[in-house]
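Dear colleague,

I am passing on the structure we spoke about, together with some notes on the charged side chains.

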Amino acid sequence: MNVILFLEHKFYFDENEKILYSQKVINDKILSRYTEVFGKVIICARKMNSKDSSAIKIENKNVSLLGLPDFSFKRLIKNHKQIEKFILDNSKECSGFIIRAPSTISFLAYNVVKKLHKPIMTEMVINPNHFFLSSENDSAIRKFINWACRQYSILHTKRLCKKSNAVLYVTKEYLQQSYKSYDMLKGEDKNHFSVACSDVILEKRHFNSIPSIHEASECFSICHMGWMSGYNKGHIIVLDILKRLLDNGYNCNCFFIGDGLMKENFVDYAAKLGIADNVHFIGQLNSFDEIQAVFSKSHLFLFPSVNEGLPRVLIEAMANSLPCIAYRTDGIPELIEADYLAEIGDTEKLYNLVIELYEDESRRKKVSADNYMKAREYEDSVLNPIRQNFYRRFKTLF
């Protein structure tokens, strides 16, 4: 008995040494959630041709890789028939399927596995409503294509949630409002059910109830964390706000945790703004102890991301007593009080909120304490039993 887990992430497999690596995020702790219940788990994801220096070694012996070509989005779509056939040929002996959605891989996977009439679980982790966003410089044709792709993503995701036997939502309410599962529409039965459960991993040792104190004479440190694969995580906005703070005499710097193809763009932009000395690009940190070390010397977490489900990085920052400011998008209002949210694009409010927390230590301490208490709701000892019971219920359908 085994399951196929469809992921958008990329992996590298050293066939000679039989060693598997994840490009980012996915690690043994996450994979053990599946193997503890399902035994053997086959990951179906894109296979990298070479290993990144920061790749994460996977040591779980119950995990194997069904590698897809490391195609770009355009080539995946162009070669979708070939890829779907490959998935179908290698899926017939599996007992069930788990699809983390929405993503390009989830689109391809569902087109295949629905034909096999076997149990399907969807893990709904993000809202596709902000996929394929256009910039002001895009042509009318490009804007139309982006709009069409976004509409398809939304429709596909709604269909996937409706047709799956089981759906796990990372939000408590937000994603469920637009992407309803079968049981929400027609009533729960033994073959159709859903649950709300964040996929963050926070053990007791990952919590820190003591906020970093900002002395008037020292630099005020802003932190941001996110994969640097595009502009949707808000790196440019953070840099613009930092530039404005420095121009107005505030003693600030910024730590960026993360890596990706766009990193050099952000490095160049910081240099163009003349603030390179105040920006620290730390790179990808695979150990939470390393991330926690950055949190411990930060005074504020600024996260103007436009596309999220329920961001784990935000919960991790809150668990370390950081005041947090973000855009009001997707599941973020489930975490942060409305007073510390701005509408997407309202950088003026973000800037003013940073100044308010910079200047008011008592307010900063209160927000830190409130965030810490909210994050305790997402401790692994609370979430893991919910998740494991849900997985075990799905397994009974095999």
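To begin with one residue of this predicted model, Lys365 has a relative accessibility of 42% and so counts as partly exposed, since that value falls between the limits of 20% and 50%. Its salt-bridge partner is Glu361, with 3.4 Å from N to O, and Glu361 is likewise partly exposed at 35%. Both residues belong to helix α13, where they sit four residues apart, or about one turn of the helix.

Salt bridges with shared partners also tie Lys29, Glu203, Arg205 and Asp289 together into one network.

In one of them, the side chains of Glu377 and Lys172 form a salt bridge at 2.8 Å, N to O; Glu377 lies in the loop between α13 and α14, Lys172 in the loop between β8 and α6, and 205 residues separate them. Glu377 is partly exposed, with a relative accessible area of 36%, and Lys172, at 44%, is partly exposed as well.

The other pair is Glu123 and Arg100, whose side chains meet in a salt bridge of 2.9 Å, N to O, and which bring together strand β7, holding Glu123, and strand β6, holding Arg100, across 23 residues. Glu123 is buried because its relative accessibility of 2% is under 20%, and Arg100, with a relative accessible area of 13%, is buried too.

Over the whole model, the count comes to 20 salt bridges.

Conventions. Residues are numbered from 1 along each chain as its sequence is written. This is a predicted model: local features need pLDDT of at least 70, side-chain atom pairs count only at pLDDT 80 or more; totals for chains, interfaces and linings use all residues. Side-chain values use heavy atoms; hydrogens and water are left out. A salt bridge is a side-chain nitrogen of Lys or Arg within 4 Å of a carboxyl oxygen of Asp or Glu. Helices (H or I, at least four residues) and strands (E, at least two) are DSSP runs, numbered from the N terminus. Buried means under 20% relative accessible area, exposed over 50%, partly exposed in between (1.4 Å probe, protein chains only).
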